[in-house]
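Work through the exercises below with the model open. Try each task before you read its solution.

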Amino acid sequence: MLYNITEEEVYLFHQGTNYHSHQLLGCHKIEWNGETGLRFAVWAPNASEVLVAGEFNNWDGSFYKLTRLTKEGLWAGFFTGISGKESYKYEIKTTDGRTLLKSDPYASQWELRPATASLTPGEEEYKWSDSVWQKAKSRYVPYESPVSIYEVHLGSWKKKEDGEFLSYRELADELIPYVKSLGYTHIELLPLAEHPLDISWGYQITGYFAVTSRYGSREDLKYFVDQCHLENIGVIMDWVPGHFCKDEFALREFDGKPLYEYTDPRKSEKRTWGTLTFDFGRPEVQSFLISNALYWLEEYHIDGLRVDAVASMLSLNFDKHDDEEKITNSFGGDENLEAHAFIRKLNKVVFEYEPNALMMAEDSSDLPLVTSPVYTGGLGFNFKWNMGWMNDMLKYMKYDPVHRKWHHNLITFSFMYTNSENFLLPLSHDEVVHGKKSLLDKMPGDQWQQFANLRLLYGYMYTHPGKKLLFMGGELAQYAEWKDKEQLDWHLLQYPFHKGIFDYVKSLNYFYRENGELYELDHEPEGFQWIDPHNIDQSVIAFRRRGKRPGDELIVVCNFTPNVYFNYKVGVPEPGIYKEVFNSDSSEYGGSGQINEGEHFSFPEKWHGLHQHIKLKVPPLAISIFKKEETTSRLKEAGE
């Protein structure tokens, strides 16, 4: 076939099984018929003619016509004399006589917004330095490893003095050391694909294969990821396969008719977001999206994808409120059967090519088996955001402590289902925008109580089974909501309470990483056991977290009131000396200093159904953690 295009890759593309279709479509430098030039290829089945217009021909595609290669609508052409990083679009002639100028769906980079043209590939070839990381990742078992994620919007983490964005390379110099110093294991980046509006945060995409030019070039992004890996930090990217922008220059009615979106507007329209839903049942769209997932993982060495808005994909009536608008599938149900099949196919393929990838579902539905393997009937993700825990905890923490006893179930209910999926506990960007208030501002009480409540919330998250995620600014305890057009409130670090939260988050991360009890059995029933979930009147709970090795165990006590309880009995599983190893009320974090000093000998009296108990001081609005000393020699010395 023409232009070094094989029949097999074309066939697979139209079958929905070309998982590297970005190597076929788009603009690529090739040698053909003894000449070096650029091959352009695009899918436009409803077009009567397709041309390439750009800087190199003064935006007149008359002599740059593509040839239709297949009846299914694959067009291609080969041209010489075009240099790298020149802007271009496809000039598409529709069957009804219109001329459309469309950016290349497969372009690897676009012009800086507000310009919308695609760019021809440059000469750069990045040389990676992360072989040690990649080798270690091949042995990585995320389920039994610490995963603590710092979620970042690159455009508002920090800005230059003139208000401009930091580049990928500048972020590598500033963001990576910052994240490493705080003890996080991963950085999660809001979508990096090209998008027209800053205020969409990257969630309304126009160029799925194009690195956003806001922060630099594709080579610059590779440098950022490479530097993360050199510092043993993984990189997760938010990925948006559910819907896309309606902008005329992009995917919408790409060849004059619905192509990437459903033909039926009842299925295609996402009215809440003003976007269009991908046609998940169309083979070429499947090739496009699955190739895109692999593209980010392989080309940019991204370690995982947080798949956005999964619930919106799974339901045909996700944002429909009028019964007359609602539609059903062929079985009369609400499920989008094509989306279910696509997600299973996506995850199956991703793990075939990238077995150590993280595929995380941001799913607010109650659908079971989201993180179960495809071969058992599951969707095939390896992690799911625990939106139920997040909603319950934020609702609970807003209550004045005097009223919390009436809502005690909100802090215990998550343990009824925590082992049903491989969960990640998120306190994400969505919870600190659009009038929802910052995390600190959600907390009740005076200033001291607000900070104490926030420390307690973070501590409970880190000791609760599940991996962890905190959005940037949470470590500063910002009073204001996330301001997506401004940088974080860095000046807060000069104030003791805010600096205390910063130090506390750092201590939490390191404590979490150093204690396998908090992550090794995250998704196994053996990793957690209640000591006392029933102390409603005092709003105190106690539980055990266990590691893989016998004897690896932490005793966790959480007090959701501002009262201090003295000589408080907590059941322990075996005799020994227990020491407090972490306390959020420590004065170094801004607490009142109600810590448990010294050693706590267990008493041979049953309590909370356990054979022994210890007596301790329960600090106010705080979490305290105890660990049994490994040796019993002190007990023998004491004559026990």
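**Exercise 1: Cavities**

A search of the whole structure finds five cavities of 30 Å³ or more. The model is predicted: local features need pLDDT of at least 70, side-chain atom pairs count only at pLDDT 80 or more, and totals for chains, interfaces and linings use all residues. Residues are numbered from 1 along each chain as its sequence is written, and side-chain values use heavy atoms, with hydrogens and water left out.

Task: Which residues lie nearest the centre of the largest cavity?

Solution:
1. Take the volume: about 120 Å³ for the largest cavity.
2. Find the lining. It has 18 residues, and Val 432, Leu 439, Met 472, Gly 473 and Gly 474 lie nearest the centre.
3. Assign elements. Helix H12 (439-442), helix H13 (447-463) and strand E21 (467-471) give two or more residues each to this lining.
4. Sort the lining of the largest cavity: twelve nonpolar, five polar and one charged.

**Exercise 2: Helix pair**

Task: How do the axes of H13 and helix H14 (residues 496-514) cross?

Solution:
1. Compare the axes (lines fitted to C-alpha atoms, for helices over the stretch in contact; angles run from 0 to 180 degrees between N-to-C directions). Those of H13 and H14 come within 11 Å and cross at roughly 15°.
2. Classify the angle. H13 and H14 are therefore roughly parallel to each other (under 35 degrees).
3. List contacts (heavy atoms within 4.5 Å). Residues of H13 including Trp 448, Phe 451 and Tyr 458 meet residues of H14, among them Ile 501, Tyr 504 and Leu 508.
4. Sort the residues of the H13 contact with H14: eleven nonpolar, four polar and one charged.

Conventions. 1 Å grid on protein atoms, 1.4 Å probe; cavity = no way out; pocket = protein on both sides within 12 Å on 5 of 7 lines; lining within 4 Å. Points joined across faces, edges and corners; volume = space filled by probe spheres on them. Helix = DSSP H or I, 4+ residues; strand = E, 2+ residues; numbered from the N terminus. Nonpolar A, V, L, I, M, F, W, Y, C, P; charged D, E, K, R; others polar. Parallel < 35°, antiparallel > 145°, perpendicular 65-115°, else oblique.
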